[in-house]
Amino acid sequence: MAHDNLVADFEAYSAWRGNLIQRIGELQRWLSEQDLNDAQTNMRIQHLLDKLRDDKLNIAFVAEFSRGKSELINAIFFAEYKQRVLPSSAGRTTMCPTELQYDPARANCIQLLPIETRASDTTTSEYKRYPEEWVSVPLDIDSGDAMLAAFQQVGQQKWVSVEEAKKYSLYDENDPDHKLQVHDGKIEIPCWRHAIINFPHPLLKQGLVILDTPGLNAIGTEPELTLNLLPNAHAILFILAADTGVTKTDIDVWRNHIGRSQGGQRGRIVVLNKIDGLWDSLKSEAEIDGEIDRQVKTSADLLGIKPSQVFPVSAQKGLVAKINDDEPLLEKARLVRLETALSEDLIPSKQEIVRDNTHTEVEDLVLATRGILNARRDGVKEQLDELTALRGKNRDVIEHMLDKIAEEKVHFERGMQRFQALRSVFSQQTNVLFGYLGVDVLKNKITRMRTDMEGSSFSSGLTSAMQKFFKDVNGNITKSAEQVAEIQAMMAGMYKKFSEEHGLGSVAPPPFSTLKYHKEIARLERSFNEHFNTLGAILTTSQNAMTKKFFETIASRVVYVYEVANRDVDNWLKAVMAPMETQVREHQMQLRRRLESVKRIHKATDTLEDRINELTEIEAGIRQQTVELDAQLKRAYEALSAPMQAVKTRAA
């Protein structure tokens, strides 16, 4: 079955990643044993290993109510439980954004964030840091009925006054649909704002995260979805229904939030569900297939995509077929083709991203280590050349060599004074750089924006304030890029000088780009402008509340961008300075050893031949280390380039 292939492919990817973690762990241990890793190298390897261990694959399911979204999740991922895991019935079942994932450090449970938290401007991401704010429901995975009862709590609703619903931005007096839902001054709302289900499903254990969204209107009312969860999903399944066709809301959401992602339409899949509604015993198979094909083409044309991107299925019949092991029905439900697309497109593209990032990191680490070994080998060779030249020479020659090395040492120490001065300038330049990316300054700016928003109900005033906010944020990132270029030029000059004067290896400072931060800020600004374009000149109370929520999510995301930029810059600065520090340290050590060797021979505490033999052994040891480093790199590259099929076969 294709579902088995999907599970097997995901397990193969997981095994490939596990093999990679093992190889990089071996490299880390080897570097430590050979005394070739410093604090910076260790930190980089640990960061790489943590990133690989925490690697997630996020799949979001987006649809209007009653499109069979929860049923599709059941059919693709949970059919082996032989019953529905997620509640699925006519009408609305998913009431809040729901994340299904697995964290072994936490108990099997459902965490529910009360809807009352919408009264504050705090984002869902922020609340995730405070478990005490959530209601926790235990999950008994040994009982299907108990699991179903627990899952049903996610869909709980309650009746509240219109005023209370307004407070949570869940009622807009200008929306005629909202008015129709009012009975005796009350309206029904979800009990929960967000749900996180910690569930030990085999795929979730291996890093899959499923996001189930509560209808298309939530994309407008919960900015976290628009600005954070959906843009960061590796795949989005956008579900239409054969009985309703493509609605205006479908087209708007596809164009504004899903089809127009930064990575193009890769990982964006359209599912035309409920094709069983077109099955008709009075029609031939060819007629039914023709009707389905027409629906697929119409849907594709309206969304502006190729028909091959639309997958017609019957999730309900597919689930029934899997539960009853009914192969003909499963084939008729056409679920296999969708699962194959998920398996063949999504997982390899995810692997490609991880492979490229890891390859670059490993290459940099090995290059730096090779630099250390080359410096040590050159130092030993220089000592050997000097000592070999002393064979048969008198004490005057030895004394002359002592003076020459001592002179070199003095010259290098003068260079060290310049190096210390450079470090001081580097520190000043670094402070300026972090000043542009200061998170505290940004938070103060956000606080001022909040105050401005409190005092204004005019959209024009808020728009100009937000334009200034984005301009300032982008301006600081641009200034930080200029500062990075200045530091780069300064370090390149210093590397060149040390290379010419002391024979240190020439190293080009690594490049650093701020493009990804600009792109993310531009995306947030675009989202905010789209939100504002739907509003009038004067904001209603509910629009004002919604705009504040939108701003808080944007502000939270901008802070996150700055935090990432700070981390990246910090790592880059260490990567710029580390090779210089390592080379200086190695050169100092070699000078000290050369001086010590000649002194001992001069004082006759060592014979010349003994010292030459000792250095020859050290040189052979360094050559052996270089061979072993190449072997470590080869094993890491083999793990990186290993096809997932091969890993899957070994794991089977």
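## Cysteines and a helix pair in a predicted model

At 1% relative accessibility, C96 counts as buried, a term for under 20% relative accessible area, with exposed meaning over 50% and partly exposed lying in between (1.4 Å probe, protein chains only). The model is predicted, so that local features need pLDDT of at least 70 and side-chain atom pairs count only at pLDDT 80 or more, while totals for chains, interfaces and linings use all residues. Residues are numbered from 1 along each chain as its sequence is written, and side-chain values use heavy atoms, with hydrogens and water left out.

| Cysteine | Relative accessibility | Closest cysteine sulfur |
|---|---|---|
| C96 | 1% | C191, 9.7 Å |
| C191 | 13% | C96, 9.7 Å |

A search of the whole structure finds zero disulfides, a disulfide being a pair of cysteine sulfur atoms within 2.5 Å. The sulfur of C96 is too far from that of C191 for a bond, because 9.7 Å lies between them.

Turning to the helices (DSSP runs of H or I, at least four residues, numbered from the N terminus), α2 (residues 39-53) packs against α15 (residues 335-388) at about 165°, with the axes, lines fitted to C-alpha atoms over the stretch in contact, 11 Å apart. That angle makes α2 roughly antiparallel to α15, the term for angles over 145 degrees. In contact (heavy atoms within 4.5 Å), T41, R44, I45, L48 and L52 of α2 meet V354, T358, E361, V362, D364 and L365 of α15. By class, this contact of α2 with α15 has six nonpolar, two polar and three charged residues.

Note on methods: Axes are lines fitted to C-alpha atoms, for helices over the stretch in contact, and angles run from 0 to 180 degrees between N-to-C directions. Helices (H or I, at least four residues) and strands (E, at least two) are DSSP runs, numbered from the N terminus. Angles under 35 degrees count as roughly parallel, over 145 as roughly antiparallel, 65 to 115 as roughly perpendicular and the rest as oblique. Ala, Val, Leu, Ile, Met, Phe, Trp, Tyr, Cys and Pro count as nonpolar, Asp, Glu, Lys and Arg as charged, and the others, Gly among them, as polar.
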